[in-house]
Amino acid sequence: MKQLLWLLKWMLKAAIFFTLLAFALNNQHEASVHFFFGTQWRAPQVLIVLTALALGVALGALAMVPRWWKHRSRARTPLESRAEPSRPATNSPTSTHGF
């Protein structure tokens, strides 16, 4: 069973690789990106798309850094200091859901 899963995992990786390779080979023509003030960048289209992808991943990771710091600092504090104050129990015979 483990060998079958290992084989399926590698087949999926190979399929993704060959799909990206075919994408890169089909998009080699020259393209340009126009910036402000008349500047432009000319490069193969696949390079432009992959650069945009890399910049998006980097910006997404940078946007998550404050939350990672918050969770990391919260994980370092002792559990007792993080506990919420307990709420008083209600001893009403009726259900709170209206049944």
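**Figure 1. Secondary-structure elements of the predicted chain.** The chain holds three helices and two strands, where helices (H or I, at least four residues) and strands (E, at least two) are DSSP runs numbered from the N terminus. Read from the N terminus, the order of these elements is α-β-β-α-α. The model is predicted, and local features need pLDDT of at least 70, side-chain atom pairs count only at pLDDT 80 or more, and totals for chains, interfaces and linings use all residues. Residues are numbered from 1 along each chain as its sequence is written, and side-chain values use heavy atoms, with hydrogens and water left out.

Figure 2. Of the 99 residues, 5% count as buried; buried means under 20% relative accessible area, exposed over 50%, and partly exposed in between (1.4 Å probe, protein chains only). The chain exposes about 9600 Å², of which carbon and sulfur atoms supply 68%. These accessible areas come from the Shrake-Rupley method with a 1.4 Å probe; for residues, only the protein chains shown count as cover. Among contacts (heavy atoms within 4.5 Å) between residues at least 6 apart in sequence, 3% join residues at least 24 apart.

Figure 3. Strand 1 (residues 30-34) and strand 2 (residues 40-44) run antiparallel and are joined by five bridges; two strands pair if DSSP finds at least two bridges between them. Glu 30 has Pro 44 of strand 2 as its bridge partner. Five residues lie between the strands of this hairpin, in which Phe 37 takes a positive phi near 60°.

**Figure 4. Surroundings of His 29.** His 29 lies in the loop between helix 1 (2-26) and strand 1. Because its relative accessibility is 47%, His 29 counts as partly exposed. Beyond its neighbours within four places in sequence, His 29 is in contact with Ala 43, Pro 44 and Gln 45. The C-alpha atoms of His 29 and Pro 44 are separated by 5.5 Å, although the two residues are 15 residues apart along the chain. With Gln 45, the His 29 side chain makes a side-chain polar contact at 2.9 Å. A polar contact is a pair of N or O atoms within 3.5 Å; within protein, one must be able to donate a hydrogen and the other to accept it, and residues adjacent in sequence count only if both atoms are side-chain atoms.

Figure 5. Leu 5 is found in helix 1 and is exposed, because its relative accessible area is 52%.
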